[in-house]
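Hello,

Here is the structure I promised to pass on to you.

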Amino acid sequence: MARSSSRVQAQAGPSSQKVREVGANSNNAYRSSFVRTGQSWFCVSGLPSDITVEVDDMLFHLHKLPLVSRSGTIAKMVADTDSSDDDAIGYPLNKIQKLAQRIVHISLDGMPGGSGAFEVVAKFCYGEKLDLMANNVAMLRCAAEYLHMSEEYGGSNLIKLTENFLDNVTVRSWKDSIRTLKSCEPLLPLAEELSVVKKCVESITMKISSEPSLYGWPELDRKRMLQSPSGKLLWSGNSAKEMGMELKVDWWYEDISILSLPLFKCVICAIDNRGLMPEAVAGALMYYARKAIPGMQRRQEIGHGQLALSHSTSSRNSEQLFCLETIENLLPSQKCITPTVFLSSLLKVAMILHAEQRCLDSLEKRIGAQLEHAVLDDILIPNYSELSETLYDVDCVERIVKHFVNTSKSLVLGGHSHELDFSSSSSAFPLVSVAKLVDSYAVEIASDANLSPVKFRTIVDSLPHGTRVLDDGLYQAIDIYLKVGNNVF
């Protein structure tokens, strides 16, 4: 039932949505109720229908005057059916009224929001109250643009009403900004062209880099405690503590993870441009990747048969691959910002999904740059190639170690090429740590009967001379390799 006054309602509770009820026009002669029968909507007003509007698979049996007096697009379409040469954008109302004498059929192809959106718009044109909320304002803003519902066709028309709601209600609330941005997903690229996406993204990024209690607590869980890469706070946190709430740098990860990849990327790029800590950006990307890419949640099994089965049963490989490559490209470039264990998992899944060589090379370089922070499991990369019979991808680890050595040399030598005693340099500590890691890796792969002597020696000789403090691990690896029965190198 329509109400006679306009007001803003907010339901009780932290997760409520703000609803603004606004009036449309005063077409008293067409005040009516809408009834749906099957795939048709009828306006029951006592007056015969003189226009049928087709939207998707739905038919709306309505009246011309309420529609053409609010929508320039419909006015033009009605005028065109009358073989008129006049442009209905700006069509005089006295001429529009004459068009109401014929029954016409029009089709709104590509209507933003489809038949559901047009149902709301049609009721608005008939003078019913309009409930604007975070979940529908983007859809109705796009629909209003498509239908050219500007102030030229009556005061307080739909374009103005939705813009006012976005500017005065949506962007002031964290939860409403998230909801509205989420609702833009099926409305792209129009929602982006109309700056709906921009307004929501700016609102979200501003609130992320500010004290969250000023704008409402996170959308999904007010007390969650996720471990962030750095564990640092982005603000003083005084207000949160006074309220008995504990919110860390990662309080917003889950909320923005509900967004589609294109919109999530918009938020991440905007956050990065605002200069937010790279640890926070990396944490959000890691959270999103583990949620969007199922392979990140499970241990990658070894064996070609299991791999082939995974490939044959997966129907989302291309979608996951695009997400993975996007995430990798967005990761901060600074060393040790992204944990090595995550980079390793990303590399393994990238190999399974046959990612572009650029992505694989980038991940190997990222791991190599911080290899001193890796553990054995991080470099035990299964061999996913059907062309090789070795259990682990030894060539990949060889490249990773080379990246590490080259990075370490450039840091120690400062760009000058001369001999360096790695065992006595204070900067050689990471090399000593990596030497232990490489020896542990050599011990692990030494039992592989398909490992050639050349590859085995390449791994054990991959570090500069004098790097090893103790040779116990090296001798153990050689002993295992010889006992397996491989040819002597």
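Let's start with helix α5: what covers its buried residues includes α4 (114-125), β8 (130-132), α6 (158-168), α7 (174-183), α8 (190-193) and α9 (196-208). Covering here rests on contact, meaning heavy atoms within 4.5 Å. Helices (H or I, at least four residues) and strands (E, at least two) are DSSP runs, numbered from the N terminus.

Before going on, please keep in mind that this is a predicted model: local features need pLDDT of at least 70, side-chain atom pairs count only at pLDDT 80 or more, and totals for chains, interfaces and linings use all residues. Residues are numbered from 1 along each chain as its sequence is written, and side-chain values use heavy atoms, with hydrogens and water left out.

Back to α5, which spans residues 137-146 and has 7 of its 10 residues buried. Buried means under 20% relative accessible area, exposed means over 50%, and partly exposed lies in between (1.4 Å probe, protein chains only). The buried residues of α5 are Val 137, Ala 138, Leu 140, Arg 141, Cys 142, Ala 143 and Ala 144. After the helix comes His 148, with a positive phi near 55°.

Helix α21 (residues 453-460) has Phe 456, Ile 459 and Val 460 buried. They sit on the same side of α21, because they cover an arc of only 95° around the axis; the arc is that of the directions from the helix axis to the C-beta atoms.

Next, the aromatic rings. Rings of Phe, Tyr and Trp (its six-membered ring) pair if their centres lie within 6.5 Å; planes under 30 degrees apart count as stacked, over 60 as edge-to-face and the rest as tilted. By this rule there are 7 aromatic pairs. One of them is edge-to-face: Phe 60 and Phe 118, at 4.9 Å centre to centre with 75° between the planes. Phe 60 belongs to strand β6 (residues 58-62) and Phe 118 to helix α4, so this pair ties together parts 58 residues apart in sequence. Phe 60 is buried at 1% relative accessibility, and Phe 118 is buried with a relative accessible area of 1%.

The Trp 174 and Trp 251 pair is tilted, because the ring centres are 4.9 Å apart and the planes are at 55°. Trp 174 is in helix α7 and Trp 251 in the loop between α10 (238-242) and α11 (253-256), 77 residues apart. Both Trp 174 and Trp 251 are buried. Finally, Trp 252, Tyr 253 and Tyr 287 form one aromatic cluster.

Best wishes
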